[in-house]
Amino acid sequence: MRYCSRCIVPDTRPDVRFDAQDVCSACRAHDEKQHQVDWSARRQAFEALVDRVKRLKRRYDCLIPVSGGKDSTWQVVTCLQHGLHPLTVTWKPPAQTAIGAANLENLVSLGVDHLAFQINPQVEKKFLYQSLVRYGATAIPMHMAMFNIPLTLAAALDIPLLVWGENSADEYGGVGDESRGHRMDGRWLKRYGVTHGTTARDWISKELTEQELAPYFGPGDEALARKDIHAVFLGYYFNWDPVATYAVAAAHGFRARPEGPKVGYYPFADIDDEFISIHHYLKWYKFGFTRLFDNLSLEIRNGRMARDEAIALVRERGVEVPHEDIERFCAFTGMPTGRFFEIIERFRNPAVWTRRDGTWRIEGFLVPDWKWEEEVSRAAHTR
Ligand SMILES: [Zn+2]
């Protein structure tokens, strides 16, 4: 296991590359954003895009996919400030949190029309279970719905522009030029849409029919091209930083989680949906890192934290198994919690984990005196 010499990203993180100085591609991308990107030219490019869209004189200038999170509030505020008339669209998660719902209400009150799309929970339940069994993943249905429902609606309602928030491919160190920039299309979705490269078609089975999976199908690149619909990332035009977008959102009524972060380091991120913590937790089995690693790496890159402080925090916080959310997830999908841990154990990555003296451990882990015994007690707890 190798770690970036500047931040704490491990080389097991998907899409990350290390250079000869052992600096990760996310840190290099950050440097580039700070020193090489002409942000005023990017701002002008956004203004030109706004002008072009407004000249089309459609009912809605743009569609903004929103969750109620800090980034969606920032997207709405930025679009309104630029004089766009947006339609906002939410895919309603099966386990939406109260604070997520309240922040969504606040976002709508900023002065936008809003559509909430809820998927048949019986379909969600089956799809969630199957994605856990097939890929040890719980966020495939979420990402598929989140990305495709807005595209389908934009195509149906002739909305010429979709405005997304950050480009995760950029922020976490995309693999090269094809992932960079401002466009989001079918190719981006397949590669970076966190769907394990699958589309709705790959999930059609006896249990899940094509009609049941309807919300997860997008309109297709051809329809998007024919209707000349563009999907862009606001993070391409404006320098995205979670602390900065939070400040904008908070100034417009967005509230962080009063009891502190639900997962990771930020009390204002990952707070809309109860199941998101499970998605992040599964990275521990697959890649040997937690949400805290991502969040603290961003803090280091932005000069708000030293690397050794970050390591001390990881040590202090431990793995933080989201037991309550796992129980909720199991109740929703109808499986005993023991079964959940049995399934995810199959996805413990042998390239990351070794078993020594009856204990699972990661050789060369970031924190040298990590308490690996907890891996055992956790397993015992679930039997
Ligand atoms: Zn790094």
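Analyst: Let's start with Asp158, which counts as partly exposed because its relative accessibility is 35%; buried means under 20% relative accessible area, exposed over 50%, and partly exposed in between (1.4 Å probe, protein chains only). You'll find Asp158 in the loop between H6 and strand E4 (161-164), where helices (H or I, at least four residues) and strands (E, at least two) are DSSP runs numbered from the N terminus. Its backbone is worth a look: phi of Asp158 is near 55°, a positive value in a residue that isn't glycine.

A quick word on what you're looking at: this is a predicted model, so local features need pLDDT of at least 70 and side-chain atom pairs count only at pLDDT 80 or more, while totals for chains, interfaces and linings use all residues. Residues are numbered from 1 along each chain as its sequence is written, and side-chain values use heavy atoms, leaving out hydrogens and water.

Now hop over to Glu320, in the loop between helix H14 (307-317) and helix H15 (323-333). Phi of Glu320 is near 55° too, again positive in a non-glycine residue. With 42% relative accessibility, Glu320 is put down as partly exposed.

(A cavity is a set of points on a 1 Å grid over the protein atoms alone where a 1.4 Å probe fits but cannot get out, and lining residues have an atom within 4 Å of a point; volume is the space filled by probe spheres on the points, which are joined across faces, edges and corners.) The lining of the largest cavity includes Trp91, Glu124, Leu128, Met142, Asp273, Phe275 and His279. Helix H5 (121-135), helix H6 (140-156) and helix H12 (276-287) are the elements that give two or more residues to that lining. Domain 1 (39-237) and domain 2 (268-382) each supply at least three lining residues. The lining residues split into eight nonpolar, two polar and two charged.

H5 also carries Gln122, which is exposed at a relative accessible area of 58%. Along the chain, Gln122 and Thr333 are 211 residues apart, but their C-alpha atoms are separated by 8.8 Å. For a contrasting pair, take Cys62 in strand E1 (residues 62-65), buried with a relative accessible area of 0%. Arg356, in strand E6 (residues 354-356), is partly exposed at 36% relative accessibility. From Arg356 to Thr245 is 44 Å, C-alpha to C-alpha, and 111 residues in sequence.

Finally, the metal. Cys4, Cys7, Cys24 and Cys27 each give an SG donor to the zinc ion, at 2.2 to 2.3 Å; donors are N, O and S atoms within 2.8 Å of the metal (3.2 Å for Na, K and Ca). The arrangement is tetrahedral because the four donor atoms subtend angles of 106 to 113° around the zinc ion, and that label needs all angles between 85 and 135 degrees. Along the chain the donors follow C-x2-C-x16-C-x2-C. Cys4 and Cys24, 20 residues apart, both sit in the segment before helix H1 (25-35), and both are buried.

Notes. On a 1 Å grid over the protein atoms alone, a cavity is a set of points where a 1.4 Å probe fits but cannot get out, and a pocket is an open set with protein on both sides within 12 Å along at least five of seven lines; lining residues have an atom within 4 Å of a point. Ala, Val, Leu, Ile, Met, Phe, Trp, Tyr, Cys and Pro count as nonpolar, Asp, Glu, Lys and Arg as charged, and the others, Gly among them, as polar. Domain bounds come from an automatic or database domain assignment. Four donors count as tetrahedral if all angles lie between 85 and 135 degrees; four count as square planar and six as octahedral if opposite donors are over 155 degrees apart and all others between 65 and 115; anything else is irregular.
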